[in-house]
Amino acid sequence: MLYYITGGERSGKSKYAQDLAVQLSDTPYYLATSRVWDEDHRQRIDRHIADRDSRWISIEEEKELSKVIQDNSVVVIDCVTLWLTNFFVDTKNDIEKSLTLAKAEFDKLLKIDATILIISNEIGMGVHATTEAGRKFTELQGWMNQYIAKYADKAVLMVSGIPVEIKGAEVLLKKQI
């Protein structure tokens, strides 16, 4: 089962994913994709860690997510934006190469027998990036979000802490008919 949880910054994505994960498992995994970029980012990471209790098993992996996810597990991947940033930086801002690498790794996730809750940001809904790198990354993020959403069993858009189901209800409705 693949859950795709998206929304703006501070929209409640991580809390929603974590609450769902503990409903699905007594020992969920939290897969952090971030590099530590600066002190402010370190504080954000520390806050996320403090939000999780002892039931959680934490994993850190910057790019090869499929190598650390076990079958029959419940895993929160936080987040696509930071994961894509790692590819983008490592390819010197090459959108095509980053997208190819990310899609190939994501395709591996689809073959794992696990419940995956993947969090991503909708950065294209915000302010237009003022730099070329920012505009390129926004395109990369948008294309990868579309790719993930296409394969998701359920997709939720978080708006001001409120989950809005954007994919999944139609599947239930078709089964009832």
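1. The protein has 6 helices and 7 strands; helices (H or I, at least four residues) and strands (E, at least two) are DSSP runs, numbered from the N terminus. Along the sequence the elements run β-α-β-α-β-β-α-α-β-α-β-β-α. The radius of gyration is 16 Å, close to the 16 Å given by the globule rule for 177 residues, so the protein is as compact as a globular protein of that length. That radius is taken over C-alpha atoms, and the globule rule is 2.2 Å times the number of residues to the power 0.38.

2. On sources: this is a predicted model, in which local features need pLDDT of at least 70 and side-chain atom pairs count only at pLDDT 80 or more, while totals for chains, interfaces and linings use all residues. Residues are numbered from 1 along each chain as its sequence is written, and side-chain values use heavy atoms, with hydrogens and water left out.

3. Overall dimensions and surface. Taken along the principal axes, the C-alpha atoms fill a box of roughly 45 × 40 × 35 Å. Of the 177 residues, 45% are buried (buried is under 20% relative accessible area, exposed over 50%, partly exposed in between; 1.4 Å probe, protein chains only). The protein exposes about 9,800 Å², of which carbon and sulfur atoms supply 52%; areas come from the Shrake-Rupley method with a 1.4 Å probe, and for residues only the protein chains shown count as cover.

4. Contacts along the chain. Among contacts between residues at least 6 apart in sequence, 75% join residues at least 24 apart (contact means heavy atoms within 4.5 Å).

5. The nonpolar cores. A core here is a set of buried Ala, Val, Leu, Ile, Met, Phe, Trp, Tyr and Cys residues joined through side-chain atoms within 4.5 Å. The largest has 30 residues, and Ile69, Ile77, Trp83, Phe106, Ile118 and Met144 touch the most other members. At least two residues of this core come from each of strands S1 (2-7), S2 (29-32), S4 and S5 (115-121), and from each of helices H3 (80-90), H4 (95-109) and H5 (132-151). Apart from it lies another core of 16 residues, including Tyr3, Tyr16, Ala32 and Leu117.

6. Isoleucine 118. Not counting residues up to four places away in sequence, isoleucine 118 touches Leu2, Tyr3, Tyr4, Ile5, Ile77, Val80, Phe106 and Ile148.

7. Aspartate 78 deserves a look. Aspartate 78 belongs to strand S4 (residues 74-78) and counts as buried, at 9% relative accessibility. Leaving aside neighbours within four places in sequence, aspartate 78 is in contact with Ser14, Tyr30, Leu31, Ala32, Thr33, His48 and Ile119.

8. The cis peptide. Aspartate 78 is joined to cysteine 79 by a cis peptide bond, with omega about 5°. Cysteine 79 is in the loop between S4 and H3.

9. Positive phi angles. Lysine 92 is not a glycine but has a positive phi of about 55°. Lysine 92 sits in the loop between H3 and H4 and is exposed, with a relative accessible area of 72%. Asparagine 93, also a residue other than glycine, has a positive phi near 70°. Asparagine 93 is in the loop between H3 and H4 and counts as partly exposed, at 27% relative accessibility.
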